[in-house]
Amino acid sequence: MGSTPHARRGNTRQRIQDVALELFAEQGYEKTSLREIAERLDVTKAALYYHFKTKEDIVISLFQDLSRPIDELTAWAAGQPRTLETKQEILRRYSESLRTAEPLFRFMQENQATIRDLSIGETFKQRMHRLTGLLREPDAELKDQVRCITAIFSMHAGMFAMQNVEGDPEDKRKAILEVATELVAAAHPPNRG
């Protein structure tokens, strides 16, 4: 197996997603066709069509794949005590789920109109509200609510901001997580676990 980015994962569905994101990044979502995705993968259009009927289907599947761990995380967190330890674990698990999501976030950033048109942007926004709601206390001071919301967004922004910073990707991910954790810790009421 070569060391091409799409050789990274074995299954065809994931290879299609990876290659589609590569092409969307290179030439834009609108200018990329299913035929080009099939050619880059060296499969027939019919083989591609077996997995995805449209480019939209590919993008929606990427969001569903990212959303699944977020939904599992919010379901788990909702049943936990609202302690600082729980909040730290939410951030740790969210950081893990973002590990492979960088190309998708770049796509979101560069194709905001498409995201709006597909309505996945709205459902993703709702997921982010639920996640930040698990970190911040409803009766907290405004600046503490801002800290908790910023913690999540610092994890998203960190993926892009740290690309041009020297260093091991895992060390950078840990540094971003540490900063997000510090923000949530600073916002956590001292009298609550």
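View 1. You're looking at a predicted model, where local features need pLDDT of at least 70 and side-chain atom pairs count only at pLDDT 80 or more, while totals for chains, interfaces and linings use all residues. Residues are numbered from 1 along each chain as its sequence is written, and side-chain values use heavy atoms, with hydrogens and water left out.

The largest pocket holds about 550 Å³ of space. Its lining counts 18 residues, and M108, G121, F124, K125 and F153 sit closest to the pocket's centre. Helix 6 (102-110), helix 7 (112-117), helix 8 and helix 9 (142-161) each give two or more residues to the lining, and helix 8 gives the most, with 7 residues.

How is a pocket found? On a 1 Å grid over the protein atoms alone, a pocket is an open set of points where a 1.4 Å probe fits, with protein on both sides within 12 Å along at least five of seven lines; lining residues have an atom within 4 Å of a point. Grid points are joined across faces, edges and corners, and the volume is the space filled by probe spheres set on the points.

**View 2. Helix 5 packs against helix 8.** Helix 5 (residues 84-98) and helix 8 (residues 120-135) meet at an angle of about 145 degrees, and their axes are 9 Å apart. The axes are lines fitted to C-alpha atoms over the stretch in contact, with angles running from 0 to 180 degrees between N-to-C directions. Helix 5 brings K87, I90, L91 and Y94 to the contact, and helix 8 brings F124, M128, L131, L134 and L135; contact means heavy atoms within 4.5 Å. Sorted by class, that makes 8 nonpolar, no polar and 1 charged residues.

**View 3. D42 sits in a loop.** D42 lies between helix 2 and helix 3 (45-51). Its phi is near 65 degrees, a positive value in a residue other than glycine. Is D42 buried or exposed? D42 is exposed, with a relative accessible area of 69%; buried means under 20%, exposed over 50%, and partly exposed in between (1.4 Å probe, protein chains only).

**View 4. R147 belongs to helix 9.** R147 is partly exposed, at a relative accessible area of 27%. Leaving aside neighbours within four places in sequence, R147 is in contact with L183, A186 and A187. T132 is 15 residues away from R147 along the chain, and their C-alpha atoms are separated by 10.0 Å.

**View 5. The protein chain has 10 helices and 0 strands.** Helices (H or I, at least four residues) and strands (E, at least two) are DSSP runs, numbered from the N terminus. Of the chain's 193 residues, 42% count as buried.

How values were computed. Ala, Val, Leu, Ile, Met, Phe, Trp, Tyr, Cys and Pro count as nonpolar, Asp, Glu, Lys and Arg as charged, and the others, Gly among them, as polar.
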